Amino acid sequence: MNPVILIPWQNDFLPALGQHLVERDDFSQCTVLFPHNRPRRYLKDYFKGHPDLNPPVFLPRMTSIAEFVSSIRRNLTDTPVTLANQLDLVEMLREIVNDLRITGRGLLARLPELDRESFLPWGIRLAKLMDDLLRQDIEPEDLKYMEGEVSAYASGLLEQLSSIHHEYVTRLFARNWTTPGLDWRFITNNIKEVSAHLSGTPVVAAGFYALSGAEDIFFRRLWEDGILTPIIHSDPVLAEGKRPHWSAAEHTAWLERWKTKVEIPTDIPRNNSKPSIRFCEGFDRHSQLAALTDDMHKTTDLDRTAIILPDEGALMPVLHHLPEVEPNISMGYPLERTSLARLVEIIISLQENRLEDGRYSWRDVIALIRHPYLRLLGPDNKPLRKIFHIWEAAIRMGERYVHPLHWEPPYDDPILDGVDKKVAEPLRQEILHHCLTAFEQVHSLETLGEALTGLAVMLHTHGEKLWHGYLVDAECLFRLTTSVIPQLQSVETGSEEFRKTTLFALLRRIISQERVSFEAEPLAGLQILGVLETRLLQFKRLFILDAVEDRLPGTNPYDPLLPDALRKVLGLPDTRERDNVSGYNFYRLLMGAEEAVIYYQSGIQPGLLDSKSVRSRFVEQLLWEIEKKEKRIIETGDEVIRAVTFPAGSLQQDARSIPVTKHLRTLLETTLREKGLSPSRLDQYLQCPKQFFYYYLAKIRPIDHLDEDGDRSEFGTLIHNVLREHLSKYIGQKTDLAALDPLPLTALFDQRFRESELYAQIPHDTRLALTNTGRHRLTTFLASQEPAKLLSLEQQIHATVDMEGLIIPLNGQLDRVEERDEGIFIMDYKTGGGVLPKKAFWEDMNLWDRLHEFGPENTDPMLLNDLSKSVQSVQLPVYMHLYSESEETSPFDAGLIKLGEDGKTDYVFGKKWADLERREAINEMTPVLVKTLIRHMLTATQYTAQPGRRCQWCDFKAPCGA
């Protein structure tokens with residue numbers, strides 16, 4: 001019987017294994033089994049430089065255990081088998097479950113039948129459970145009365161688990177299908193024949209740790225028959241009969257099951273050195289990456305250095321923080337996190353949100369044409385970038401749902417000068433076909449695969465140069481065409497029709513399970529690996545990121561079919577064994593290193609219910625061992641634990657003022673002379689001179705964009721237009737509006753609203769809300785009006801202001817002018833918010849003295865700010881002044897009709913003001929107020945922002961910085 005050989009984990013496993021193999025007489029006839037394929041590349045590299053191997057020489061057969069088991073089954077069976085497609089397995093399990101339902105036995109028979117889409121997540125979990133049972137060589141028993149532990153459907157499945165498992169295996173054999181678990185079932189069922197088949201073929205099982213039930217049967221039989229030599233990489237005290245490190249627990253259990261001991265080859269040098277370990281604590285990933293960058297720059301020799309990523313999603317950020325050195329990536333990256341998967345997701349979302357009339361959501365279309373892959377397709381001048389940019393602007397000014405095939409680029413417009421229509425248009429049409437039309441037609445897995453194939457061919461054909469420059473993306477495209485698409489097209493039910501929601505759910509599931517593999521070449525230099533990829537490898541220097549509990553050992557997502565507590569009931573590995581495996585991989589890697597830096601996060605993780613990251617239990621144990629040795633408590637900031645912090649301060653608002661240059665002052669005077677001012681523009685300057693500059697002088701306009709909930713200003717314009725149209729027939733008549741029937745007004749509103757562009761752009765629920773809102777506001781508006789003679793609607797009025805020879809037009813538009821018993825009233829509609837001058841403003845003599853004294857000699861820097869707080873708005877006082885100048889009749893008052901507040905009216909003066917006071921305010925005080933504001937414009941040395949609540953809705957919030 002061959003011994004179990006132990007290579008101490010302080011020693012490099014693969015060179016020690018290689019030397020053992022070289023010294024064997026059966027070197028070329030030997031078969032070396034690894035847990036996975038990666039170590040054999042390193043072992044071949046070792047043999048290549050071995051001084052005792054003179055080429056040419058036959059190397060041992062080196063393979064993974066999975067490949068070896070599959071090859072044994074192929075050699076021992078006459079009937080060829082096919083690896084089952086996961087979707088076929090799910091469909092087969094659905095048939096099994098439905099057949100069991102028909103028998104009328106148990107909870108399943110009382111539950112409703114699930115369709116394919118609803119059964120999909122259960123089927124995938126059930127298929128995995130079936131294979132786990134086969135790998136562990138377990139014949140499951142039914143788990144009854146599980147209603148309190150899992151959902152009703154899961155309980156129904158577990159209640160007949162043995163029947164499902166029996167039917168699953170039976171039907172797999174009947175269809176000549178296989179799975180990795182079924183290959184193991186064949187091995188364990190035919191263990192004598194397998195041992196006889198391998199007789200005379202020495203086998204070395206290298207680097208295994210936690211054996212599955214089937215692996216244990218297989219290895220033990222070969223070991224007892226003198227065929228297998230196990231070589232493990234573990235704590236050397238196992239050979240001394242002492243208690244080993246806890247992470248070697250599975251090796252201890254292995255030896256106890258086999259009732260044997262381990263031997264350390266005498267020619268292996270003993271290395272009792274321990275690694276130098278430092279820790280680095282950061283608030284978030286940025287802190288860890290900053291510390292990693294600093295440590296990497298301090299490292300002069302990066303040979304045999306590895307960056308270990310427990311979180312595979314950290315790969316891309318890490319690549320951006322490396323020094324100027326080409327790393328070797330040796331890990332799997334989730335396909336669903338790549339740009340290609342994002343493109344597929346956008347295409348799927350387009351179809352899911354598509355209306356029955358063929359229109360697509362504007363957001364989805366923009367997401368499609370903004371994807372970098374599509375913009376970079378075609379010739380070197382990338383003509384689609386400019387076309388898509390123009391298209392996006394058009395979409396943002398359109399409707400919520402659009403017809404992408406109906407839009408045509410304006411090739412005759414000078415904006416597309418240099419774009420060759422003969423080249424760009426066929427490419428644009430091809431993109432629309434493969435990203436939209438082709439997916440509109442999918443109705444089966446085969447047609448879905450064909451649509452994805454067309455997409456892949458288009459990307460490859462028109463972006464060939466792109467893939468030469470972006471190798472990661474090229475690998476993703478290769479994975480899509482060689483793994484994802486074949487899984488869809490090789491399904492037995494591929495031609496059967498499915499709902500699109502089912503097809504897309506299947507596609508998402510397949511993509512979520514795919515990994516894009518990166519194989520390191522060469523094997524030296526700086527390596528970037530995941531934790532699993534480090535198995536059996538050894539590095540001189542380690543940088544381990546994200547050493548938090550969620551990653552090391554990690555937490556498995558909750559399994560609604562078989563929670564962790566029930567796995568032990570069936571005899572399946574549970575959390576304890578998983579933690580042992582994770583701990584073994586971590587400590588084995590550390591024991592072989594000379595130095596290691598372990599980074600972990602200690603701050604809040606947004607998106608995880610604001611949970612705080614907890615450093616890994618493995619880190620806690622390492623710190624505990626250091627504390628025991630040094631007999632002191634180690635705190636963050638100690639030389640052992642470096643804390644990464646960034647300078648922090650209050651958020652700075654960079655609302656810098658705009659200096660008024662000579663050119664800008666000349667521009668202002670010219671603009672005032674030619675365009676003049678309006679009361680609303682005066683209000684704008686009063687409230688924020690910087691916003692006045694952006695609108696009035698710089699003539700900057702906000703970016704047009706589609707508002708899915710409707711443009712409030714457009715709705716307000718609609719209300720104004722409806723009121724003008726309805727009330728125009730009462731001009732010249734004294735009318736009691738409150739006594740009128742509101743039905744004609746609300747009916748007119750309904751008609752004009754349905755005819756407006758706004759109505760077509762907003763969703764149905766918003767339409768109903770605005771319809772009811774408009775009716776209510778107009779009804780309450782009529783009810784709140786005073787009897788009056790309507791004089792005019794939307795009357796244009798004009799006047800001029802003489803500023804020391806600079807004649808400035810002052811123009812306004814009055815929503816409504818009416819005559820009541822008291823006199824003329826000017827009424828202004830407000831569908832949103834509106835303010836009037838405070839009553840105390842007119843009596844604040846101190847403020848009025850400052851207004852009169854303001855000028856070049858008395859600049860009064862706080863005047864505008866104080867005036868803004870007191871007067872709030874000059875619009876209605878200026879309206880009254882303009883009317884008085886234009887019509888030579890002083891109005892009695894002006895009112896703000898708040899349509900948003902049941903038609904309530906707020907007046908500038910009110911009934912208590914005397915006529916003399918009113919005329920003084922309109923004809924004497926208001927002109928002073930207007931001239932002071934204009935003088936402030938003309939003498940200001942800078943346009944300064946006045947931050948306030950209005951900044952929330954300002955179009956210039958970003959460039960202003962307030």
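Among contacts in the protein chain (heavy atoms within 4.5 Å) between residues at least 6 apart in sequence, 78% join residues at least 24 apart. The model is a predicted one, in which local features need pLDDT of at least 70 and side-chain atom pairs count only at pLDDT 80 or more, while totals for chains, interfaces and linings use all residues. Residues are numbered from 1 along each chain as its sequence is written, and side-chain values use heavy atoms, with hydrogens and water left out.

The protein chain holds 38 helices and 28 strands; helices (H or I, at least four residues) and strands (E, at least two) are DSSP runs, numbered from the N terminus. Its radius of gyration, taken over C-alpha atoms, is 39 Å, whereas a compact globule of 962 residues would have a value near 30 Å; the globule rule is 2.2 Å times the number of residues to the power 0.38. The C-alpha trace spans about 120 × 70 × 60 Å along its principal axes. The accessible surface of the chain, from the Shrake-Rupley method with a 1.4 Å probe and, for residues, only the protein chains shown as cover, comes to about 45,800 Å², and carbon and sulfur atoms account for 50% of this surface. Of the 962 residues, 52% are buried, where buried means under 20% relative accessible area, exposed over 50%, and partly exposed in between (1.4 Å probe, protein chains only).

An open sheet is formed by 8 strands in the order 14-11-15-10-16-17-9-20, with mixed pairing; two strands pair if DSSP finds at least two bridges between them. Strand 14 (515-518) and strand 20 (641-644) are the edge strands, each pairing on one side only. On average, neighbouring strands of this sheet are turned by 15 degrees against each other, direction ignored; axes are lines fitted to C-alpha atoms, for helices over the stretch in contact, and angles run from 0 to 180 degrees between N-to-C directions. Strand 20 pairs with strand 9 (residues 276-282) in the parallel sense over 4 bridges, and Ile 641 in strand 20 is the bridge partner of Phe 279.

Antiparallel pairing is found between strand 23 (residues 788-803) and strand 24 (residues 806-819), over 13 bridges. Asp 802 stands opposite Ile 807 in strand 24. These two strands form a hairpin with 2 residues between them, and Glu 804 in the turn has a positive phi of about 50 degrees. Strand 24 is also joined to strand 25 (residues 824-830) by 4 bridges, again antiparallel, with Val 817 opposite Ile 826 in strand 25. The hairpin of strand 24 and strand 25 has 4 residues between the strands, and Gly 823 in this hairpin takes a positive phi near 150 degrees.

Helix 29 (residues 689-697) is largely enclosed by the rest of the structure, because 9 of its 9 residues are buried. Its buried residues include Lys 690, Gln 691, Phe 692, Phe 693, Tyr 694, Tyr 695 and Tyr 696. Just after helix 29, Lys 699 takes a positive phi of about 55 degrees.

Asn 11 is placed in the loop between strand 1 (4-8) and helix 1 (13-22). With a relative accessibility of 11%, Asn 11 counts as buried. Not counting residues up to four places away in sequence, Asn 11 touches His 233, Ile 268, Pro 269, Asn 271 and Gln 538.

A salt bridge is taken as a side-chain nitrogen of Lys or Arg within 4 Å of a carboxyl oxygen of Asp or Glu, and the count by this rule comes to 62. Arg 221 forms one with Asp 225, the closest N and O atoms being 2.9 Å apart; Arg 221 is partly exposed at 25% relative accessible area, and Asp 225 is partly exposed at 37%. In the salt bridge of Asp 579 with Arg 617, the closest N and O atoms are 3.0 Å apart. Asp 579 lies in helix 25 (residues 575-591) and Arg 617 in helix 26 (residues 617-630), so the pair ties together parts that are 38 residues apart in sequence. Asp 579 counts as buried at 10% relative accessibility, whereas Arg 617 counts as partly exposed at 39%.

For Glu 794 and Arg 724, the closest N and O atoms of the salt bridge are 3.3 Å apart. This pair links distant parts of the chain, with Glu 794 in strand 23 and Arg 724 in helix 30 (residues 712-727), 70 residues apart.
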